[in-house]
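Please walk me through this structure, one region at a time.

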Amino acid sequence: MEKVTGIIREVSATEIAPRFGQLADEDIEAKTHALDLVTIADTEAERVLTTRLTDLLPGSIALGEEAAHADPKLQDRAFAASDPVWIIDPVDGTKNFAHNRQPFRCMVGLYVAGETVAAWIVDPIEGTATVAEKGAGTCYQGSPVAVRSRITKASDAKGFLISYARDRLVSHYGHMDFFDTVAHYSCCGAEYEELARGDFDFCAYRTLKPWDHAPGTLLVREAGGYARYITADRSNEYNANTEAPGLLCASSEDLWSEMNEILLPLFS
């Protein structure tokens, strides 16, 4: 775990942090639409991480966000193989990064035998790391952390909702007065960190790319929380190799159940 944390910190310090606030126009490109951006920091960090991580674990392969964009069949091939897979999001929150805003994170998950078994989320500017290993808990800067499991009602909960959910809450129910606080960082990694560390209580997402959610869901689960798909069947656990209309993470099972009832009409 520590070797991987060190690699991610080193790559963040050399390929990401020095470029923050220093990007030229030619260093930023749009991918699928104007708000879906990629920068030279994304591509260079992913290139170096891919080499260093696969060298660290012989026989492993990499599934990076930018490589998957360039090769749409890469994700299927990676998950079909029996090799360990490094799932890499070199700069999570690229839109923030490209516009000189924080937060943004560098995220890595290790997927083995059909499940995510280890996860790392690093702040490239501060160098802080939140890490999790299946069965061993979640740590922030080397100290164990836990979700706020005492929060069991939506009215007491603070959480993160994407604009899709916020807009549809208002159109479906006529209000958003279900929760104590609703925020949105445009950075899944930072949101997952705050849920796992007990600062927030839920997060919900619609676009479920593995590099966006494999690391963070393991952080939440190992910190005592829940990560399940938003479906009528309340037992559909998140897996990086599965698609669904939406994903909901929460700090307690009671909170997850109430939130699922609220969000289900919006995501089905």
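Strands here are DSSP runs of E with at least two residues, while helices are DSSP runs of H or I with at least four residues, and both are numbered from the N terminus. This is a predicted model, in which local features need pLDDT of at least 70, side-chain atom pairs count only at pLDDT 80 or more, and totals for chains, interfaces and linings use all residues. Residues are numbered from 1 along each chain as its sequence is written, and side-chain values use heavy atoms, with hydrogens and water left out.

Start with the annotated site. An unreviewed UniProt entry gives the annotation "binding site" to Glu-65, Asp-89, Asp-92 and Asp-212. These residues span 148 residues in sequence, yet no two of their C-alpha atoms are more than 9.6 Å apart, so they gather at one spot. UniProt positions are given in the numbering used here, feature names are shortened, and annotations may be inferred rather than shown by experiment.

Two of these residues deserve a look. Asp-89 sits in strand 4, which covers residues 85-92. Asp-92 is in strand 4 too. Are they buried or exposed? Buried means under 20% relative accessible area, exposed means over 50%, and partly exposed is in between (1.4 Å probe, protein chains only). Asp-89 is buried, with a relative accessible area of 0%. Asp-92 is buried as well, at 4%.

Next come their contacts, meaning heavy atoms within 4.5 Å. Neighbours within four places in sequence are left aside. Asp-89 is in contact with Glu-65, Arg-105, Cys-106, Met-107, Trp-211 and Asp-212. For Asp-92, the partners include Phe-104, Cys-187, Cys-188, Gly-189 and Asp-212.

Now turn to helix 1, residues 2-16, where Thr-5 lies. Thr-5 counts as buried, at 8% relative accessibility. Its side chain makes a polar contact with the side chain of Trp-120, at 3.3 Å. A polar contact is a pair of N or O atoms within 3.5 Å; within protein, one must be able to donate a hydrogen and the other to accept it, and residues adjacent in sequence count only if both atoms are side-chain atoms. Leaving aside neighbours within four places in sequence, Thr-5 is in contact with Trp-120, Ala-129 and Val-131.

Helix 1 also packs against helix 2 (residues 40-56), at an angle of about 155° and with the axes 10 Å apart. Axes are lines fitted to C-alpha atoms, for helices over the stretch in contact, and angles run from 0 to 180 degrees between N-to-C directions. Helix 1 and helix 2 are therefore roughly antiparallel. Angles over 145 degrees count as roughly antiparallel, under 35 as roughly parallel, 65 to 115 as roughly perpendicular and the rest as oblique. Among the residues that meet are Val-4, Ile-7 and Ile-8 in helix 1 and Ala-45, Val-48 and Leu-49 in helix 2.

Helix 6 (residues 163-173) and helix 9 (residues 253-267) pack at about 95°, with their axes 10 Å apart. That makes helix 6 roughly perpendicular to helix 9.

Finish with two glycines. Gly-142 is in the loop between strand 8 (137-140) and strand 9 (143-145). Gly-142 is exposed, at 63%. Gly-159 lies in strand 10, residues 158-161. Gly-159 is buried, at 0%.
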